[in-house]
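Me: I want to learn how to read a model like this one, feature by feature. Show it to me, and then we can start with the domains.

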Amino acid sequence: MEKNDSAISSSGLYSAELSQFEFNKLSNFIMTEYGIKMPPEKKIMLQSRLQKRLKALNMNNFKDYIEYLFSPHGMSEEVIHMMDVVSTNKTDFFRESIHFDFMLETALPHAVKNFNTRLIKVWSAGCSSGEEPYTLAITLSEFIENHHGIDYHILASDISTKMLETAVNAVYKEDRIADIPLVLKKKYFLRSKDKNQKKVRIVSALRNKIEYVRINLLELTPVRNAEYHFVFCRNVLIYFDRPTQFKILSALSSNLIKGGFLFLGHSESITGLDLPLRPIIPTVFSKI
Ligand SMILES: C[S@@+](CC[C@H](N)C(=O)[O-])C[C@H]1O[C@@H](n2cnc3c(N)ncnc32)[C@H](O)[C@@H]1O
């Protein structure tokens, strides 16, 4: 097939092909602006994810799409939709549950004892559809039940507006919470009135504790006034190259107060990076 040709596939579905030239243009842009690695083997993945955007825009080839994307309007509007489909959003409630056990048993008691604060501040950076910040909210709520006078606030950020919308909505399929202990389900999830719907919603007491903001981690710069006791940035750095990881981690660490903790995903590390962090347990670091 010729470059930019569109076709009806054997399944009858519309498809457009991304040429090598177009792929290079898009992958360079995504890498430079968002730090997300887009090696040649991701070409088919990018093509199939962006086909959804072509369909939504009623376009039948990538040439028109790229022209629109790089226009002033595209750069303010389409780029957000493009990043919605490009980013990988896999997440879960109590994902890597060891972190939440560590919070409850070690990190939160440590914070109350040493941080001289009545408001515990947590940042979930790369929060996807909200399962991580809500798990944090459940953990913190359980903790403050036995620590009167202590409250918490969670900042949850992501680059994807679509994911943030889902997070704010806080409605999930019931099977997403199948593994959560019944006692927590009863306390923190509301069942849909229509039982056939098989949906649950997070209670407002937790929703009200979380502020959702769209933040591109690549645009972060170090701050002077650290205010967070805990920063979770899990399963996000894997998409970036090492220099970008360093830049993001430097900025995130600057937001952590001394003695605060940074939590990374199971396959992420700070090895070889010159950061003011010391390891506590695997994937958990303390700000020096
Ligand atoms: C795999 S999910 C991880 C979600 C959650 N932290 C967890 O561990 O379950 C990665 C998230 O990072 C977000 N992300 C990717 N690039 C980003 C960037 N440059 N700035 C902010 N968020 C980004 C994606 O939109 C996605 O929601």
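Reply: Start with the term: domain bounds come from an automatic or database domain assignment. Here that assignment gives domain 1 (6–86) and domain 2 (98–287). This is a predicted model: local features need pLDDT of at least 70, side-chain atom pairs count only at pLDDT 80 or more, and totals for chains, interfaces and linings use all residues. Numbering runs from 1 along each chain as its sequence is written.

Me: Which domains supply the shell around the ligand?
Reply: A residue is near a molecule if its C-beta atom, placed from the backbone, lies within 6 Å of it. The shell takes at least three residues from each of domain 1 (6–86) and domain 2 (98–287). In total, 26 residues surround the ligand. Ser87, Thr91, Gly126, Ser128 and Ile159 are the closest.

Me: How many residues of each class are in that shell?
Reply: Ala, Val, Leu, Ile, Met, Phe, Trp, Tyr, Cys and Pro count as nonpolar; Asp, Glu, Lys and Arg as charged; the others, Gly among them, as polar. The shell has 10 nonpolar, 11 polar and five charged residues.

Me: How many residues of domain 1 are in contact with domain 2?
Reply: Contact means that two C-beta atoms, placed from the backbone, lie within 7 Å. Seven residues of domain 1 are in contact with 10 residues of domain 2. Helices (H or I, at least four residues) and strands (E, at least two) are DSSP runs, numbered from the N terminus. On the domain 1 side, α5 gives the most, with three residues. By class, that side has four nonpolar, one polar and two charged residues. The C-alpha centres of the two domains lie 31 Å apart.

Me: Which residues of α5 are buried?
Reply: Buried means 20 or more other C-beta atoms within 10 Å of the residue's own; exposed means 12 or fewer; partly exposed is in between; C-beta atoms are placed from the backbone. In α5 (residues 78–86), Met82, Met83, Asp84 and Val86 are buried. Their cover includes α1 (20–34), α2 (43–56), α3 (62–69) and α8 (161–169).

Me: And the nonpolar core?
Reply: In soluble globular proteins, nonpolar side chains tend to be buried together. A nonpolar core is a set of buried Ala, Val, Leu, Ile, Met, Phe, Trp, Tyr and Cys residues joined through C-beta atoms within 7 Å. The largest one here has 71 residues, and Val231 and Leu262 touch the most other members. Helix α7 (residues 131–145) gives the largest share, six residues. Domain 1 (6–86) and domain 2 (98–287) both contribute, so this core lies between them. Beyond four places in sequence, Val231 is in contact with Trp123, Ala125, Leu252, Asn255, Leu256 and Leu262.

Me: Is asparagine 116 buried or exposed?
Reply: Asparagine 116 counts as exposed, because it has 7 C-beta neighbours inside 10 Å. Asparagine 116 sits in the loop between α6 (98–114) and β3 (119–125). Its phi is near 50°, a positive value in a residue other than glycine.

Me: Is serine 128 buried or exposed?
Reply: Serine 128 is buried, with 25 other C-beta atoms within 10 Å. Its place is the loop between β3 and α7.

Me: How do β11 and β12 pair?
Reply: Two strands pair if DSSP finds at least two bridges between them. β11 (residues 277–281) and β12 (residues 284–287) pair in the antiparallel sense over four bridges. Arginine 278 stands opposite serine 286 in β12. The two strands form a hairpin with two residues between them. Threonine 283 in the turn has a positive phi of about 70°.
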